[in-house]
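Hello,

Here is the structure for you to look at. Please open it before reading my notes.

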Amino acid sequence: MDQYISRDLIAKVKDEVKVIYYADLLCGACDLASLESPEGIRWIGHCPLRLHDVRMRTFTVGPEANTWYCSGCRHGGDIIALAKAYLRVNDEYAVAQFLVSIPFLRGA
Ligand SMILES: [Zn+2]
């Protein structure tokens, strides 16, 4: 990672940008629906990464851990991993693109 994206900034993005809001933006019609599980509420929908057949709901978001995972493409991780996978960019660009949108992706 480039030097001028500080660890503090990365931590801020990971902490403040909610995967569920970003996924909702990316998904559009991916139709995220809530699902009760023993670990709490999860959201499940069609994968926005378009790396595989998306007829199945393989994409899940865990709001409490603020993470995501897709059992179709086996990608997952934090908010930065989602931006990198979707935009096909490096860490620096993924972090930078959130800096202007944090107020909108922070949630209520
Ligand atoms: Zn996927």
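Predicted model: local features only at pLDDT ≥ 70, side-chain atom pairs only at ≥ 80, totals over all residues.

Residues are numbered from 1 along each chain as its sequence is written.

Helices (H or I, at least four residues) and strands (E, at least two) are DSSP runs, numbered from the N terminus. Five strands form an open sheet in the order β1-β2-β3-β4-β5, with antiparallel pairing (two strands pair if DSSP finds at least two bridges between them). β1 (33–37) and β5 (76–77) are at the edges with a single partner strand each, so one side of each has no neighbour in the sheet. Four bridges join β3 and β4, and Val61 stands opposite Trp68 in β4.

Trp68 is also among the residues with the most contacts inside the largest nonpolar core, which has 18 residues. Such a core is a set of buried Ala, Val, Leu, Ile, Met, Phe, Trp, Tyr and Cys residues joined through C-beta atoms within 7 Å; buried means that 20 or more other C-beta atoms, placed from the backbone, lie within 10 Å of the residue's own. α3 gives the largest share, four residues.

α3 (residues 79–87) packs against α4 (residues 91–99) at about 110°, with axes 9 Å apart. The two helices are therefore roughly perpendicular (angles of 65 to 115 degrees, taken between N-to-C directions on a scale from 0 to 180, with axes fitted to C-alpha atoms over the stretch in contact).

Regards

How values were computed
Parallel < 35°, antiparallel > 145°, perpendicular 65-115°, else oblique. Buried ≥ 20, exposed ≤ 12 C-beta atoms within 10 Å, placed from the backbone.
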